[in-house]
Amino acid sequence: MGDISIQIGPVRFKNPVFIASGICGYAEEYSPLVNLSRLGGVVTKTITMLPRAGNLPPRIHEMPHGMLNSIGLENVGLDRYVNEKLPQLNQRPDVGVMVSVAAETEDEFIKLAERFAPMDGYAGLELNLSCPNVKGEALDQGRNPQLVEKISRIVKERIPKKSLWIKVTPNITDVGTVARAAEQGGADAIAAVNTLVGIDFDLETGKPVFARGSAGYSGPAILPIALQKVWECAKAVSIPIVGIGGIATIDDARKFFLAGATAIQVGTSLYNDPGLPERIVDALAENPEWMRARARASASPAA
Amino acid sequence: MGEFVPARAHEYHARVLSNVRLSRRYFLLRLERPRDFIDPAAGQFVHVAVPTPDDRFFLRRPFSIHDCTRDAIELVIVEVGPGSQALRRAREGDTLHFYGPLGHAYPVLPEKRIVAIGGGVGLAPLYFYGFRAPGKLGEGYRLLYGARTREDLFLEHVALERTGVSLATDDGSYGFKGNVVQLAAAVIEEEPADVLFSCGPTVMMKAVQKLADRLAIPHYASLENRMGCALGACRACVVPTKLDGGSPYRTVCHDGPVFDASVLQWDELPVP
Ligand SMILES: Cc1cc2nc3c(=O)[nH]c(=O)nc-3n(C[C@H](O)[C@H](O)[C@H](O)COP(=O)(O)OP(=O)(O)OC[C@H]3O[C@@H](n4cnc5c(N)ncnc54)[C@H](O)[C@@H]3O)c2cc1C
Ligand SMILES: Cc1cc2nc3c(=O)[nH]c(=O)nc-3n(C[C@H](O)[C@H](O)[C@H](O)COP(=O)(O)O)c2cc1C
Ligand code: FES
């Protein structure tokens, strides 16, 4: 088994395979099925300043090639996360944890960053500027390059020794511009992508299947779209890209490296196949040179 | 809410021992019990991967444990949509992937007079309670089972009547004529109950809760909801409760599926 560790900003991760935000809660939940210490890390459910109850059920809807979700960022809130969940993780220094956070205002981002700055037990922050399941603000932040740059800067300044990833939405035409703004603001990586906005209707009631109408679409169906966004980001920035979207097999993961990613996250497919992330680690470790040679080289603007 | 305690579950690959039709809509799927499968309690479930002949995407499907012996795990499955239909096609010798056992079970109450009320496929965990672990049918455990019509009773393999289970059909084609909650009320009239258990359609369990309120006795109900992780991680399967602790929502997969029914917001439960 070769060395497939990667460097993202100031942090070294043992390998490039992560579980995506919102999929495995605060990590501990999946410990019965996944050997978390074998992964590069896990990204937590997105944390907000105040606890959020989330959307009215039903919250998920299976489709033939993926699923819609309308969880609505249900989370325990910053205080409980820091007081209860983070200490639990401190007992497991072998698990790499990226904490996903979202906020409504710049001020809130400052507060969140300051609260995390002196903490241990996590590798960095992934800013969710792109959740389609909450009203207003969040998605708009991710659409606005000036704001993305500013938020990246005010957070990075406060956590210089941690890794800062900016998670981008696929629901815009020019993802490269947003990625470049994050890079200029000092982000260590671009995490691409979040869910696509989708909707489905119930033929019997004639209404959308979710109370809120639109929801986030994920799973195998979004693979080519996610690959394309990663490829665009790779042309736009020189910081690492963490590829996310539709990974259901080892080969799907390999394609993200071809598109220019340095790391990947498994999302929806974990529900069906909890062994997948570890199998991807094994496959990459069998041939470390492949990953290194492919990452970036093939996606550079010259290629 | 205290500290989160992860499920005691593992991923297993099990051979299909048999897969037979029980009635018009039900089939019995018997899986070889993996050697290290943790002893399940009645009300717990397994999360089963749907075998896919093509590239269709499937979330796993939750099914209650209907029986578990040293050698076999049994599931009773009703055909609803593509997932249950694909499982119906599983053949002897095929391998199925699942994880479990998951969730909170019915409480063990050896000294209590329990009346358990099952509707449709909801009989599965109540049967397990009465016939294996930990209750004993007849010794303080009365099991009532209702279906719409005779064809929907899935009984032949258990021959429930002989074992003292009371049956009801809405159309009177078998057993008591009427719904199973009416039967429960009549049965309790004759000999009182200390606790009610229920598993079945939401309308039925809601009626059981009314009965429990009227009799002022506890009621434990097993809920269903769409699931992603089945481990308490994704918050897909939540139901509204009267509890607080930061949020009124509790997960069916990890806080349930069996709940003290008095804490549930019965009027707002989602229909999966
Ligand atoms: C704790 C628990 C125990 C269960 N035990 C049994 C059992 O012993 N026997 C049995 O036949 N069924 C049981 N169910 C219901 C069973 O999971 C669904 O009937 C099944 O998932 C339907 O899948 P489908 O593809 O056939 O139907 P579809 O309607 O096409 O399914 C579409 C999606 O909705 C979900 N879904 C649909 N109906 C339900 C439901 N009632 N509950 C949860 N998810 C649903 C499916 O999982 C899938 O993601 C149980 C459900 C839960 C939550
Ligand atoms: C149920 C569910 C909940 C999610 N919650 C979050 C979240 O809280 N924050 C976030 O940044 N992304 C969230 N996502 C998006 C995923 O992290 C991922 O970006 C997306 O699902 C695409 O990857 P996939 O196709 O592999 O699932 C969620 C996805 C799902 C399916
Ligand atoms: S299914 Fe994920 S929390 Fe219950």
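Let's start in a loop: A:A27 sits between β3 (17–19) and β4 (41–43) of chain A. Its phi is near 95°, which is a positive value in a residue other than glycine. Keep in mind as you look around that this is a predicted model.

Stay in chain A for a moment and find helix α2, which covers residues 106–116. A:D107 and A:K111 both belong to this helix, and they are four residues apart, about one turn. Their side chains meet in a salt bridge, with 3.7 Å from N to O. Side chains of opposite charge can pair when their charged atoms come close. Over all chains, the structure holds 25 salt bridges.

Now zoom out to where the two chains touch. How many residues of each chain are in contact with the other? On one side there are 36 residues of chain A, and on the other 34 residues of chain B. Together the two chains bury about 3,000 Å², and 60% of that is on carbon and sulfur atoms. Within chain A, the residues that lose the most area to chain B are A:I60, A:E62 and A:Y271, which together make up 21% of what that side buries.

What about charge pairs between the chains? Three salt bridges are counted between chain A and chain B. Take the pair of B:R235 and A:E74, which form a salt bridge with their closest N and O atoms 2.6 Å apart. Polar contacts join in too, with nine residue pairs found across the interface of chain A and chain B.

Which elements of chain A supply at least two residues each to the side that touches chain B? They are β5 (60–63), β6 (66–69), α1 (77–90) and α8 (269–272). If you sort that side of chain A by class, you get 17 nonpolar, eleven polar and eight charged residues.

Next, have a look at ligand 1. There are 23 residues around it, and those that come nearest are B:P62, B:V76, B:G83, B:S84 and B:E224.

The largest share comes from β4(B), which gives four residues. By class, the shell around ligand 1 has 14 nonpolar, five polar and four charged residues.

B:R61 brings a polar side-chain atom to 2.9 Å from an oxygen atom of ligand 1. From the backbone, a polar atom of B:V78 is 2.8 Å from a ligand oxygen. B:G81 also takes part, with a backbone N or O atom 2.8 Å from an oxygen atom of ligand 1. As for cover, ligand 1 taken alone exposes 820 Å², and the protein buries 88% of that.

Ligand 2 is our next stop. It has 23 residues around it as well, and A:S21, A:T46, A:K167, A:G246 and A:T268 come nearest. A polar backbone atom of A:S21 is 2.8 Å from an oxygen atom of ligand 2. Side chains contribute here too: a polar side-chain atom of A:K45 lies 3.0 Å from an oxygen atom of this ligand, and one from A:N194 lies 3.4 Å from an oxygen atom of ligand 2. How much of ligand 2 does the protein bury? Taken alone, ligand 2 exposes 610 Å², and 98% of that is buried by the protein.

To finish, head over to chain B for a pair of backbone details. A cis peptide bond joins B:G100 and B:P101, with omega about -5°. Here B:P101 lies in strand β7, which covers residues 95–102 of chain B. Another cis peptide bond joins B:G256 and B:P257, where omega is about 5°. In this case B:P257 lies in the loop between β15 (249–251) and β16 (258–260) of chain B.

Terms used. Residues numbered from 1 in each chain as written. Chains lettered and ligands numbered in written order. Predicted model: local features only at pLDDT ≥ 70, side-chain atom pairs only at ≥ 80, totals over all residues. Heavy atoms only, no water. Contact = heavy atoms within 4.5 Å. Buried area = accessible area lost by both parts, 1.4 Å probe. Salt bridge = Lys/Arg side-chain N within 4 Å of Asp/Glu carboxyl O. Polar contact = N/O pair within 3.5 Å; in protein donor to acceptor, adjacent residues only side chain to side chain. Nonpolar A, V, L, I, M, F, W, Y, C, P; charged D, E, K, R; others polar. Near = heavy atom within 4 Å. Areas by Shrake-Rupley, 256 points an atom, 1.4 Å probe, with all protein chains shown as cover.
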